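Hi everyone, thanks for making the time. I'd like to walk you through one structure today, so let's get it up on the screen.

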Amino acid sequence: MNESTHMNAAVIEAESFFNSERFKAVNRLYTARQVAEQQGTIYNDYSIAKKAAHDFYTKLRELFNQKKSITTYGPYSPSQAVMMKKSGIEGIYLGGWATSAKGSMDEDPGADLASYPLSQVPNEAASIVRALLAADKNQSFARFRMSEEEREGTPIVDFSPYIIADADTGHGGDAQVRNLVRRFVEAGVPGYHIEDQKPGTKKCGHQGGKVLVACDEQIKRLNAARLQLDIMRVEGIIVARTDAEAATLIETISDERDQPFVLGSTNPEIPSYKSVIISLQTILQDKGIPVFGHELYTTKVINEDAVQWLLKTGALEIAEEKLALVKSDQGYEFEQAFDEILAAVVTKWEEEAGVKTMGEALIDQVNLLLQGGMDLTLAASWKEEIKQMSFTEIVLFAEEQGISFDWDCEVMRTPEGYYQVRGGIPFAVAKSLAVAPFADILWMETKTADLADAKEFADAIHEVYPEMMLAYNLSPSFNWDSTGMTEEEMQQFPEELAKMGFVFNFITYGGHQIDGLAADEFSNALNTEGMLALAKVQRKFRLLDSPYKTPQTHVGGKRMDGALSASSGRTATTKAMGKGSTQFQHLVNTELPVKTLNEWLTNWAQFNEVQGDIKAKLKPHSPGSTILELAVSVDDTVISNVVFSSLVDRNKTSILSIRDQNTFNTVYRKRRLMTLIHLFLLNRFKANVVHYLTPTKDNHKQCEAMTKRGIYQNFNEEVGKIIVAEVNKERIASYLSESSEIEELIEIQPKTTSVV
């Protein structure tokens, strides 16, 4: 193939990529030829990111159409990401907050200010992708060595790296954005969110002082990201985030779509915001207060008008009140007093400035003229039209109507030169609509969790772009108990978001917090309980059947031995998982295993001619709960359960506290099913005493029968109507030591006809 033919083929391939169904709603500001020019002649497949991007996008589209979503969080370690996938969480979020908080070999831990190097989040992502790929290999290796029956009974976990990672502001301009996206793709990451804050002043979405960039600047970032993805032939998922809901500043007001939200002064006599702030500092310094910010600027900024305004308005009165504290310069008191002085001055300035948007200033002037009897030619919707106008449109409107009014946004610029804006959902909607054609998913950062706010945003977006997918930050920065939601409403919150089109909903630094909680609890337990603290953790691993109970296998020890066996021609005597491995200690049944109960239940089902697969499952009653549930099911339909907790009182008495027990189908009653379950629980948890907290007639009958058989020594109903039964541990031991005892217990009731 000659060079011209190759070039033409590259352009045709790029055009075909552009025109695929995947990108039917995506705009680009470049041509296929411009992409081909950047690709070179040596092809790199980027297969991990490529497949993950295609499959993840397909999954998200399916969820959007079904009004469902992925609810996830940001892991703090690669192992957390693996466990997320094992639990059934399909997508993973990787945020800059936790990356900042964690630090690295080169960076100190700190707040989320995107002050880390461009490479840090991609490097973090790479370790997560590697962990997921290793987990997939470990799973595949284990399944190769299972029987067909074992494979059928062991679910397959999809460890695909469906990740949306934090690209912050892109860390700069075109070159930085493309470099960042390239690194993510090389790491195997399929999704990336880019926000509309200014690099260098970027803040966490739930901190103050956020400075936005203009709509066109955000579009350039998203377009640069797409360009890099097209060069690499990857269908990456771009999430456009806006911080306009809570932001108060913007870098430039050159984009007409931002202008309806820019604030200005309607008082032509007011000194500038900057001159007042800087003059205030000179006055405070003259009073002996250690502030030096005014030394950044020329003395021309410090003018007599600003000084006189400060004196005339009484804005300095609070300074006099706080002077002693401010002069003391003692940490918190100084900072708090200085902030109060500054806030008082700013509040007074805003009051006298008559702060409004340009549209609001014009509307007020029109209303004033109408009230004065002036005849104006106005459309019925004139107010709404004005609110959405750019500066140029407002000036033309005013000229056509012969109206003049005072409004100045320049006088409101901050000492750094930023313009002030009115944040809120309308601004966030305007920002998001502007960038929607260049993104796959839109995200409005919010100040709190509120379904009404989410609906307002979603409805406004879907009125223009009905197929646009949305994302929502279920932030740990929110105090969820202060939102006014009930526990049921919190539980249903992600489901309600999904109905509005929010397909990817995430707890940004959830992994950071659960990591801290686990470390806090275990550290304190270790200090007070010694190695019992670790034993309790291991018991929970066994209860959950967690892969962490066999740590060497979990991290791939058996697969590594398999590779060693292959490379040595099966001659190696140095297998890591050989006899010297302590992992085998964790395979010892230190508690009665559920497997034993399942053997009893199989015999019980055969005797009672129960058709179907009978199985017991012991797990927390709800995830993370200390209350447990033992449920027995036939073909996945629960036929019986016991809800309970196990505790030890101060006398070291082991108590099985039964909160509820049920045999849901009356056909299975009076067949010793509940007795078998009790025998298992009494032995598993080495109970001395059983408490029935909500006693029923069935509880009484159960206790009577078990007392007759010697399982309970006695039982009685104490104050509060709690049934207390004393366990005969010797009798229970005999059931476990003699299989005939269990068989006799099962067959003591009459054989029945087949139960389907």
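This is a predicted model: local features need pLDDT of at least 70, side-chain atom pairs count only at pLDDT 80 or more; totals for chains, interfaces and linings use all residues.

Next, helix 8. That's residues 174-187, so 14 residues, and from first C-alpha to last the helix reaches 20 Å, close to the 20 Å expected at 1.5 Å a residue. Its buried residues are Val177, Leu180, Val181, Phe184, Val185 and Ala187. Looking down the axis of helix 8, those fall within an arc of 165°, so they line one face of the helix. What covers them? The cover includes helix 3 (47-66), helix 6 (120-144), strand 3 (163-166), strand 4 (191-195) and helix 9 (215-231).

On to charges. The count of salt bridges comes to 32. One of them pairs Asp440 with Arg22, at 3.0 Å from N to O. Asp440 is in the loop between helix 17 (425-435) and strand 11 (441-444), while Arg22 is in the loop between helix 1 (3-18) and helix 2 (32-37), so this pair ties together parts that are 418 residues apart in sequence. Both Asp440 and Arg22 are buried.

Then there's Lys455 with Asp459, a salt bridge at 2.6 Å, N to O. These two sit in helix 18 (residues 451-464), four residues apart, which is about one turn of the helix. Lys455 is partly exposed at 43% relative accessible area, and Asp459 is partly exposed at 40%. Elsewhere, salt bridges with shared partners join Glu195, Lys210, Arg241, Asp243 and Glu445 into one network.

Last stop, the surface. Phe522, Leu526, Met531 and Leu534 make up a nonpolar patch there, with about 330 Å² of accessible area together. Met531 is in the loop between helix 20 (510-529) and helix 21 (532-544), and Met531 counts as exposed because its relative accessible area is 56%.

That's my tour; happy to go back to any part.

Note on methods
Residues are numbered from 1 along each chain as its sequence is written. Side-chain values use heavy atoms; hydrogens and water are left out. Patches are made of residues with over 30% relative accessible area and no salt bridge: like charges are joined within 9 Å, nonpolar side chains (Val, Leu, Ile, Met, Phe, Trp, Tyr) within 5 Å. Accessible areas come from the Shrake-Rupley method with a 1.4 Å probe; for residues, only the protein chains shown count as cover. A salt bridge is a side-chain nitrogen of Lys or Arg within 4 Å of a carboxyl oxygen of Asp or Glu. Buried means under 20% relative accessible area, exposed over 50%, partly exposed in between (1.4 Å probe, protein chains only). The expected span of a helix is 1.5 Å times one less than its number of residues. The arc is that of the directions from the helix axis to the C-beta atoms. Contact means heavy atoms within 4.5 Å.
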